[in-house]
Structures are given as structure tokens and as C-alpha cells.
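I'd like to walk you through one model, piece by piece. Here it is on the screen.

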Amino acid sequence: MSTPTPAPGTAPAPHRPPGDSLLQLRDLHAGYRRLEILHGLDLHVARGEIVSLIGANGAGKTTTLRAVAGLVSVTGGEILFDGAAVHKMKPHQVVRAGLVHVAQDRALFGDLQVIENLEMGAYSQPRSTVKASLEEVFDLFPILAARRAQKAETMSGGQQQMLAIGRAMMARPTCLTLDEPSVGLAPNLVAQVLEAIGRIRDSGVTVLIVEQNASQALAISDRAYVIESGAIVLEGTGAELADDPRVREAYLGV
Ligand SMILES: Nc1ncnc2c1ncn2[C@@H]1O[C@H](COP(=O)(O)OP(=O)(O)OP(=O)(O)O)[C@@H](O)[C@H]1O
């Protein structure tokens, strides 16, 4: 792996030491049955950071997030979350540990109302927290309050993405992982969703995000990684990677 050299005259933003890490993937090997997709992947996310993972189609971004969520079998290495061995947990145990995943397909209950979808997100939480969590989610996405009685399947793509993120927030995560939250959204909605992710981080939730929209993801990220063929090949701050010629050519279309 290499780290980009800062442009002359610019001081690199300080990298946080791995000791600060909330989430650590160490020498991770994972995949589907006998097909290994991740070949010794290393990354870490410090408490309070937004970290992006960018890479070409098929590089292993979704597989990485699915491994963190306990949805893909890990055949080597480890995933540590706040010191706990996530790679040994079942998906519901990962959620209870505070690590909540928003899948690319959003996996909403289409024929249930917005409010019912949100309440289902709180299944791991005591009833007493639900009202306060709902208020926080409605504060983050006011449209969900206005549409609370609407069926999820009748919402626009952007509203459904907000609902998927809102439902994940109902589980009161310490760390949120998001798989391509901007996919299929109009540019103004992409900006709204990414801005909300910034506010989620500001509220104290750590974020690991996979994004096809690399330039906007890098703009809100504290740090980022580039994945190629199941391994990390580049890391840096969001600004460093946005300036790196290899990233600009391969992922930013510059
Ligand atoms: N359920 C599965 N069974 C077998 N192979 C899979 C499965 N899901 C993904 N793969 C393969 O794993 C590799 C990595 O896929 P992954 O979805 O992690 O990539 P990605 O970087 O997220 O790409 P994309 O942006 O296209 O989703 C690809 O070669 C893909 O075909």
C-alpha cells in the first residue's frame, strides 16, 4: 500500500494512529464459498471519522462491508470492533454490538409505513429509547416525519435512502456502514444524503462508506482507502486522495 505525497507547500492532515481505532480489519480474507474475494485486506476507522472505500466495479467494496456486518464468511484475519471479534459474531450480534449496516438494496419493508420501518430498526433497543430515536431521525430527515404514514414502496428513491439510513439510526449505532447510499439518486439528493451523513458523524457516530460517487465521498471523508482486486492499494485523507493523480484518473474521471 502507498500513501500519497502531499503537494508542495501543503502540510498533510494528521493521520490518526491505529491505536485510536474503533473498527479494524486486519489481514482479512473473505468471500463466497470457495471463492476468495478479499486477499489480506487491512483498514481501520478511528472513532468519530468518516472513512470511504473507493474502487472499481468488482474490487470487493460490498464484500468488505458485508464481512463487517457478519454476512460473508471470513476465512482468515480478523475484524475487531471496539476490541470485540466481529468475525466470530452472527449478524444480529454485530448490530447489538453497535455496528449497523445499510445495504445497497436498502432492504425496506415496502408495504409497511415509514414509521413502522423505523420502529423495526429499533428491535435491538429498549422500548424506552424509541421515542427519542424517532425524534433524532426526524430531525435528520424531516421528510420522514411528514411522510410517516406513507408506505415505504411509494416513496421516491431519495426518500427511501433516507428511510434506510434512518432505520439504521434507530438501532443507535456507534458505527454505521453504508453501501453506495447515493446510487440511483438525482444530484441534489446525493448532496442531501451525503450532507446528512456528515451530520451523523458530527453527532458522534463513526461512518464507513462505500461510494461510486468518489469525488463527493472524498469531500466528506476524513480518510479514504482505494481497493483493487480485494486488497487496499492506497490510503490517505479525503483531500490527499482527491488530489492524487492515480485516483483522479481512475475514479474521478479527470
Ligand atoms: N454472492 C456472491 N457469490 C459469488 N461471487 C460474488 C457474490 N457477490 C459478489 N461476488 C463477486 O465478488 C467480487 C466482488 O464483488 P463486490 O460486490 O464486493 O464488488 P464491489 O467492489 O462492491 O463492486 P460493485 O461496485 O460492482 O458492487 C465480484 O467479482 C463479484 O462477482
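Predicted model: local features only at pLDDT ≥ 70, side-chain atom pairs only at ≥ 80, totals over all residues.

Gln212 sits in the loop that links strand E8 (206-210) to helix H8 (214-220). So is Gln212 buried, exposed or partly exposed? We call a residue buried at 20 or more other C-beta atoms within 10 Å, and exposed at 12 or fewer. Gln212 has 17, so it counts as partly exposed. Leaving out residues up to four places away in sequence, Gln212 touches Glu180 and Val183. Met89, on the other hand, is 28 Å from Gln212, C-alpha to C-alpha, and 123 residues away in sequence.

Now zoom out a bit. An unreviewed UniProt entry carries the annotation "domain: ABC transporter" for residues 23-254. Across that stretch, the chain is 38% helix and 28% strand, and its end C-alpha atoms lie 32 Å apart.

Next up, helix H1, residues 61-68. Why do I call H1 largely enclosed by the rest of the structure? Because seven of its eight residues are buried. Among them are Lys61, Leu65 and Val68.

Which residues are around the ligand? They're Tyr32, Leu35, Ile37, Gly55, Asn57, Gly58, Ala59, Gly60, Lys61, Thr62 and Thr63. H1 gives the largest share of that shell, three residues. Strand E2 (35-46), like H1, supplies at least two. Sorted by class, the shell has six polar, four nonpolar and one charged.

Last stop: two helices packed against each other. The axes of H3 (residues 114-121) and H6 (residues 157-169) come within 7 Å, crossing at roughly 35°. The crossing is right-handed. On the H3 side, the contact uses Val114, Asn117, Leu118, Met120 and Gly121, while H6 brings Leu163, Gly166, Arg167 and Ala168. By class, that contact has five nonpolar residues, three polar and one charged.

Definitions and conventions:
Residues numbered from 1 in each chain as written. UniProt positions renumbered as here; feature names shortened; annotations may be inferred. Helix = DSSP H or I, 4+ residues; strand = E, 2+ residues; numbered from the N terminus. Axes fitted to C-alpha atoms, helices over the stretch in contact; angles between N-to-C directions. Left-handed = near helix turned anticlockwise from the far one by under 90°. Contact = placed C-beta atoms within 7 Å. Nonpolar A, V, L, I, M, F, W, Y, C, P; charged D, E, K, R; others polar. Near = placed C-beta within 6 Å.
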